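Biologist: Could you walk me through the charged pairs in this protein? I have the sequence and the fold open beside me.

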Amino acid sequence: SPWNRIRESVRREPFVPVIALAALLLMIFGTWRLRPHLTFPDETGAIELALRMGYEQNPFIDNFRKGGNLHLYLLALSFVPVTLYWLVTGQFGDIISGAASVGSSPSWGVSPDLLTAFYDVLFAGRLVSVLFGVGTVVVVYYLGRELLDRRAGMFASVFLATSVGYVLTAHYATEDVPMTFFLMLGFLLTVRAFHSGDTRTLLAAALVAGLAASTKATAGLLVLPIAIVIIERHWSESGTAVGFVKAAWKYPTLTILGYVSTTPSIFVHPVSWADEISRYVVRSTSDVSYNWSDPGWLIQLAHLAEGQGIALFLFSVLSVLLVVAFLLRGTLDSAVWLLLLYAIPYFSVIIQGNMTQFPRVMPLFPILAVLAGLAGSELTRSTRSVRVVGIGLLTLVVVFSGVHTAVGVSDFSQSRQEATAWTHANLDSSDTVDVYSQRVYLPEFPEEATVNRYVIHSSFPREEWQPGLD
């Protein structure tokens, strides 16, 4: 029975439910904080797009701003239990009639009841990220075990679960964390196919690559390591180029099928899709918005240091060097090159230009966690002196990262909460406030205060900005 299989799996891998529970607690804490100043622009935008499919009764949305639509369908699926709750409690009719008057963006300037309903679906969307984040931690464990041993998997999953930037991103209803789940699942299947030569496992990896790209286009580079395994698997036995094509055609077909089946709007709005993909590519490799003066490589390394914490980041840098050295010496599984075949081109792409968006480094967190897990396991299996130093270093990294992540989660959006408390305590009807920013980044102001809001977009030419805003 399924229950017996689960019980047997837990008996064989008792660490998995422990680290999954720890990751769940870290990722879910604070997701219920749903005031306007505690949300994130990308998540409210994603929620509104998913709602738009519902109120327009049209699943073929014409927005492809992340390269695909799988995340929007996952969000829409998460709305089902919320809708059932509304039906059971008799709220559904009032919510639908109220939503019809404001369209797809009910996050501002509506009745408290409707705003509460919006937060119901926002919370459901956040749970999608939490579940996929926990799933990624589990997948990373099995990937580390597949590449080396259980100890590597344990270290890898702990390192990802204590990467504060990854954990905090899992608090939001964005596509970044679900994308990493499909990415790492694709790696796990690819590595297993590389080891076993099993065609079905490699076909499953190709399908998952399509799902990953449908969640966010940047995961599409997963096809590079999969292509290497396909060539290794079929080229020598095919003999000719024609024979190779006949043997390999099903892999890209499954990848395309995985993508278009979860982004079916491509058939309804092909021009919008092509325009958005071209814009996405340009934006990913240029200084379109969110620019800074520092070079791209420095910005992205800073994001990794911020997202991992300085201790884990420094250990990850050391781990990359150690892993490459082990690979060159032939003492580590050559399948590890498959992770680097994604990570190196991806990092080369995101350092083009100097865009400061943090989510760009999200795919690198689980990959670095796996590399750090491999290095950590190797250090604990080395000579006695190296083992002593390695255990001390690993203890320091795990303790520091764990405390850092726990503190980060407990302080989640605390500064905005404190700022809101200050504005309500110090502003009244006699005060006028001029605000130059996006509303979602701000504290909330008391209703009696006069607030003049001006939105400044970074893509506007500087010469058109008002004096004093540069």
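What follows is a short chat about salt bridges in this predicted model.

Biologist: Happy to start simple: how many salt bridges does the structure hold?

Modeller: A pair counts when a side-chain nitrogen of Lys or Arg lies within 4 Å of a carboxyl oxygen of Asp or Glu. By that cut-off, the number of salt bridges in the structure is 14.

Biologist: What separates Arg 12 and Glu 8 along helix α1?

Modeller: Their side chains form a salt bridge, at 3.8 Å from N to O. Arg 12 is partly exposed at 48% relative accessibility, and Glu 8 is partly exposed too, at 30%. Both sit in helix α1 (residues 2–12), four residues apart, so their separation is about one helical turn.

Biologist: How many residues apart in sequence are the parts tied together by Asp 42 and Lys 66?

Modeller: The closest N and O atoms of this salt bridge are 3.8 Å apart. Asp 42 belongs to helix α3 (residues 41–55), whereas Lys 66 is in the loop between α3 and α4, so the pair ties together parts whose distance in sequence is 24 residues.

Biologist: Which residues are linked with Glu 175 in a network of salt bridges?

Modeller: Two of the pairs above come back here. Asp 42 bridges to Lys 66, and Lys 216 to Asp 176. Linked with Glu 175 in the network are Asp 42, Lys 66, Asp 176 and Lys 216.

Methods:
Residues are numbered from 1 along each chain as its sequence is written. This is a predicted model: local features need pLDDT of at least 70, side-chain atom pairs count only at pLDDT 80 or more; totals for chains, interfaces and linings use all residues. Side-chain values use heavy atoms; hydrogens and water are left out. Helices (H or I, at least four residues) and strands (E, at least two) are DSSP runs, numbered from the N terminus. Buried means under 20% relative accessible area, exposed over 50%, partly exposed in between (1.4 Å probe, protein chains only).
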